[in-house]
Amino acid sequence: MRAMIRLSLMLLAIGASTVSHAADISETSVMALIAQLDKAILARDPEAVGILVSANADIFVTITENGVKQSFRMNKAQYIESLKAAWAQVDEYAYERKNVKVQVSGGKATVTATVVERMRVGGNRIASNSNESAVIESVRGRLLLTKASADGFLQ
């Protein structure tokens with residue numbers, strides 16, 4: 001159960017979001033996506049996050065704790081359910097997205113960042129650092145997260 005909670009919490013900051021009516025991918029539009037995602041996460045709004053993720057999204061997370069690695073692959077529905085489960089158990093949650101880099105190529109954008117998370121779950125304080133990567137594509141005229149991966153380290 002503890003591993004699932006931690007997995008869910010690590011997923012909170014993965015990816016990027018949409019810009020309404022935007023089909024063109026640029027560094028500016030992708031940075032706007034990230035701002036929207038951060039706003040949805042801070043509001044702990046799984047539906048708002050879900051709007052920003054492609055129906056066919058592929059999400060892969062590896063978590064390392066005390067030298068032990070666990071990996072998880074999820075689709076959109078599983079990802080949204082994990083967010084709901086995590087937010088239901090978190091008393092305090094804060095994160096900072098740093099070192100954001102956007103690379104636009106071939107009609108896609110790849111966003112990389114370091115995410116630092118701090119939370120309290122059941123009276124226990126948990127901290128994590130993760131290196132994250134997300135692919136943003138235009139889907140039916142909207143920018144959406146289509147693929148995301150995170151390599152997280154729990155402390």
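A nonpolar core is a set of buried Ala, Val, Leu, Ile, Met, Phe, Trp, Tyr and Cys residues joined through side-chain atoms within 4.5 Å. This structure is a predicted model. The largest nonpolar core in it has 36 residues. The model also has an open sheet formed by 6 strands.

**The sheet**
- The strand order is β2-β1-β6-β5-β4-β3, and the pairing is mixed.
- β2 (68-74) and β3 (90-105) are the edge strands; each has a single partner strand, so one side of each has no neighbour in the sheet.
- On average, neighbouring strands of this sheet are turned by 15° against each other, direction ignored.
- Strands of a sheet pair through backbone hydrogen bonds, in either a parallel or an antiparallel way.
- β1 (residues 53-65) and β6 (residues 142-154) pair in the parallel sense, over 9 bridges.
- Thr62 has Asp151 in β6 as its bridge partner.

**Helices on the sheet**
- Helix α2 (residues 27-42) lies across β3, β4 (108-121), β5 (124-139) and β6, and runs at about 170° to β3.
- Helix α4 (residues 76-89) packs on the sheet and touches β1, β2, β3 and β4.
- The direction of α4 makes about 55° with that of β1.

- In soluble globular proteins, nonpolar side chains tend to be buried together.
- Val30, Ile41, Val49, Tyr79 and Ile136 touch the most other members of the largest nonpolar core.
- At least two residues of this core come from each of α2, β1, α4, β3, β4, β5 and β6.
- α2 gives the most, with 6 residues.
- Leaving out residues up to four places away in sequence, Val49 touches Leu37, Ala40, Ile41, Tyr79, Ile80, Leu83 and Trp87.

Definitions and conventions
Residues numbered from 1 in each chain as written. Predicted model: local features only at pLDDT ≥ 70, side-chain atom pairs only at ≥ 80, totals over all residues. Heavy atoms only, no water. Pairing = 2+ DSSP bridges. Helix = DSSP H or I, 4+ residues; strand = E, 2+ residues; numbered from the N terminus. Axes fitted to C-alpha atoms, helices over the stretch in contact; angles between N-to-C directions. Contact = heavy atoms within 4.5 Å. Buried < 20%, exposed > 50% of the residue type's maximum accessible area, 1.4 Å probe, protein only.
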